[in-house]
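User: I am new to this structure and would like to understand the terms used to describe it. Please set each value against its definition.

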Amino acid sequence: MGRGATVEVNGVTLAYRRHGAGPPVLLVAPAAARAALWDMHQVPALVAAGYEVITFDNRGTTPSSTPPGPYRLAELVADTAGLIRALGIGPCRVAGSSLGAMVAQELALVRPDLVTGIALLGTRGRLTHYLRALTTATALAVRHADTVPPGYAAVTGMGNLFGQRTLADDRFTAEWLALSEAFPVAGDGPASQYDAAAIPDRLAALSAVTAPTLVMAFEQDVITPVELCREVADAIAGSTYVEVKECGHFGFLERPDEVNAHVVNFFDALAAPSW
């Protein structure tokens with residue numbers, strides 16, 4: 001389960017856990033997702049590869065603080081930087097998914113001294129009109145979840161997160177939907193994280209990122225489509241681009257062995273200080 005604790009950063013309390021031993025890897029969670037999401041596949045794989053893995057709940061996800069929103073992406077970046085400094089693990093390897101990936105790429109831009117390299121799973125540097133509408137509508141629905149039938153929220157949410165093969169797996173979908181209905185994503189905290197995901201066009205700014213970068217796209221991702229992931233890879237000079245087939249936005253849960261292999265190989269190749 002790892003070693004859990006809290007730390008005060010930027011006026012908020014962040015709950016984090018440390019797993020294993022070795023060079024540190026910090027994992028940054030997607031919007032409205034608990035850090036425990038990484039425990040299923042990514043934490044065991046990285047620990048087995050010889051890394052210490054640090055996971056944490058972003059502001060807005062309990063047991064971390066939930067200050068009033070909306071949140072700005074810059075606030076989440078500052079939280080992540082503060083956590084790295086407070087734990088004394090910088091510079092370190094950083095991986096994130098979706099909103100977590102956007103945090104990681106901005107962290108590499110504004111605090112290059114804190115990162116050894118970044119792995120961006122399902123990222124983007126801008127929003128299409130549709131994706132801005134989807135992000136805004138999702139924040140609104142989560143903020144007023146008491147007005148949305150939980151079954152509808154669970155089904156539509158699942159359709160955005162997974163690929164076609166997963167959605168055809170009756171056992172998986174039944175279990176996921178039951179879990180989603182029992183523990184709905186609701187309230188100002190997760191909604192404010194979706195607010196932070198409504199980013200302006202950052203592609204020109206991201207061209208200044210110098211950290212080694214892995215961009216991983218998922219073939220059937222409707223939230224961060226492969227075209228938008230490719231734009232980030234093209235913007236960051238020298239980045240590595242990988243596309244994982246037959247999975248959606250949560251491809252790291254659908255195709256964990258392939259995803260983990262790419263991340264571990266990328267991190268293994270990085271030069272880093274000894275720990």
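User: How many disulfides does a search of the whole structure find?

Analyst: The search finds 0 disulfides, a disulfide being a pair of cysteine sulfur atoms within 2.5 Å. Cys229 is in no disulfide, since the nearest cysteine sulfur, that of Cys247, is 11 Å away. Cys247 is likewise in no disulfide, with the sulfur of Cys229 as its nearest, 11 Å away. This is a predicted model, in which local features need pLDDT of at least 70, side-chain atom pairs count only at pLDDT 80 or more, and totals for chains, interfaces and linings use all residues. Residues are numbered from 1 along each chain as its sequence is written, and side-chain values use heavy atoms, with hydrogens and water left out.

User: Why is Cys229 called buried?

Analyst: Buried means under 20% relative accessible area, exposed over 50%, and partly exposed in between, with a 1.4 Å probe and protein chains only. Cys229 has a relative accessible area of 0%, so it is buried. Cys247, also with a value of 0%, is therefore buried. Of the 275 residues of the protein chain, 51% count as buried.

User: What makes the chain agree with a compact globule?

Analyst: The radius of gyration is taken over C-alpha atoms, and the globule rule is 2.2 Å times the number of residues to the power 0.38. For 275 residues the rule gives a value near 19 Å; the protein chain has 17 Å, which agrees. The C-alpha trace spans about 50 × 40 × 35 Å along its principal axes. The secondary structure comes to 12 helices and 8 strands, where helices (H or I, at least four residues) and strands (E, at least two) are DSSP runs numbered from the N terminus.

User: Where is Ile199, and why does it count as buried?

Analyst: Ile199 is placed in the loop between α8 (188-197) and α9 (203-206). Its relative accessible area is 3%, so Ile199 is buried. Apart from neighbours within four places in sequence, Ile199 is in contact (heavy atoms within 4.5 Å) with Leu73, Met102, Arg124, Gly125, Arg126, Leu127 and Arg132.

User: Which residues does a cis peptide bond join, with omega about 10°?

Analyst: That cis peptide bond joins Thr62 and Pro63, and Pro63 lies in the loop between β4 (52-56) and α2 (73-87). A cis peptide bond also joins Gly90 and Pro91, with omega about -5°.

User: How do the residues lining the largest cavity divide into nonpolar, polar and charged?

Analyst: The lining divides into 8 nonpolar, 2 polar and no charged residues. Ala, Val, Leu, Ile, Met, Phe, Trp, Tyr, Cys and Pro count as nonpolar, Asp, Glu, Lys and Arg as charged, and the others, Gly among them, as polar.
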